[in-house]
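This report looks at a few neighbouring strands and then at the chain as a whole. Please keep the sequence and the model in view while reading.

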Amino acid sequence: MSTPLNRTRPAGPERALPDTQQGMRRRNLSRVMHTVGAEGPLSRAAVASRIGLTRAAVSTLVDELIRSGLLEELGPERPGRVGRPGSALAVSGNGPAGIGAEVGVDHLAVCAVDLRGRVRARAVRHVPNRDRSPEPVLGGLTALIHRVVAEAEGEGLWPAGLAVAVPGLVARDARTVVRAPNLGWLDTDVGDLLPPGLPLTVANEANFGALAELWLGEDTPRDFLHVSAEIGIGAAVVVDGRLLHGNRGFAGELGHVPVWPDGPACACGGRGCLEQYAGEEAVLRAAGMEPGEDRVGLLAGRAEQGDAQVRRALHGAGTALGIALTGAVNLLDPQSVVLGGALSGLAPWLLPSLRSELARRTAGPACPVTVSALGSEGPLLGAAHSVVREVLDDPAAVAGRV
Ligand SMILES: [Zn+2]
């Protein structure tokens, strides 16, 4: 299976399948899946009229998708309509599932999402992963994956692939973590340490967070910047509905954009990076608080109670975010900036200074800044949905494995 986050194998129905009869068939299978997925339940006739193929051609495709367990028939359509009643089609709720996983600095999470986009199984473990070597961390993740897969299989689903969100830079092979500073990992082939047998994609958590926003968010535009944070700050750039990867796949390292060039030294080797002002630990320091388990909850709680030092710290973080985002917004002209991950939980106290700094510094009308409704669930959901999208984009690849 392909790697959906790799620019050379783009995700989406427009992915270049070979321009042969076989390629045409695969493209049409994908069009049927996407149409039924987006608008179903639909009759065969309705699918045919939507994608502009004959009913006979659609029936052949539908039969193949039903045999592979990707579509199911729900029974006769409502009576009283003219002509022979057709059977309503829906994407299968008991076929392939996308397994999404997340390695956080202090948690591990796994979920299974079916083709209808429902989360069917989920497991989370709070565990300090900072500076732990990859073997025990990924051993713990593997145990959670087995648990979630078993639960999903108990519901009649089967895993179509595994996608793992990590807080670090991932090579274009979509399995090697080149650098994850907050875990202390360097050049780690994550694929070697995860369950074999499942098609695997590893990507930066910010990228999966942005894809979740694109696919699941309400009225998300097709050009936006998604900014998220855990300990570090990551961003992802979505241009015309696609992730911008950059030459090495490292695009979006907003956390290391300098805010004050003479500021404190950063782990990246630079000085005065955004992360030094708006990363969770920097904000906790400025707020005079000790790092704890639920950092965002602690900060939000104190800010809500009116703690002046915490509010000042968050105001400062918002200002630093506004300065760093000014460069990105002026350069890329996105339709909006979306705050996701941990930042969304602190938005009420970050947004005023962030917005005013951005408006003051950018040319033209201010770029809207919105808050993700997915919050810190984004990367995990984005990972699982990326597998689901793969199935919809090339159902023939999955059908061949049934
Ligand atoms: Zn840095």
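## The β3–β4 hairpin

β3 and β4 form a hairpin, with three residues between them. Strand β3 covers residues 96-103 and pairs with β4 in the antiparallel sense over seven bridges. Two strands count as paired if DSSP finds at least two bridges between them. Strands are DSSP runs (E, at least two residues) and helices are also DSSP runs (H or I, at least four residues), numbered from the N terminus. I99 has A112 in β4 as its bridge partner.

The model is predicted: local features need pLDDT of at least 70, side-chain atom pairs count only at pLDDT 80 or more, and totals for chains, interfaces and linings use all residues. Residues are numbered from 1 along each chain as its sequence is written.

## Strand β4 and its other partner

β4 is also joined to strand β5 (residues 119-126) by seven bridges, and these two run antiparallel. V113 has V119 in β5 as its bridge partner. β4 and β5 form a hairpin with four residues between them. In this turn, G117 has a positive phi of about 85°.

Strand β4 spans residues 107-114, and seven of its eight residues are buried. A residue is buried if 20 or more other C-beta atoms, placed from the backbone, lie within 10 Å of its own.

## The whole chain

The chain contains 13 helices and 15 strands. Of its 402 residues, 47% are buried. Its C-alpha atoms fill a box of roughly 70 × 50 × 40 Å, taken along the principal axes.

Definitions and conventions
A residue is buried if 20 or more other C-beta atoms lie within 10 Å of its own, exposed if 12 or fewer, and partly exposed in between; C-beta atoms are placed from the backbone.
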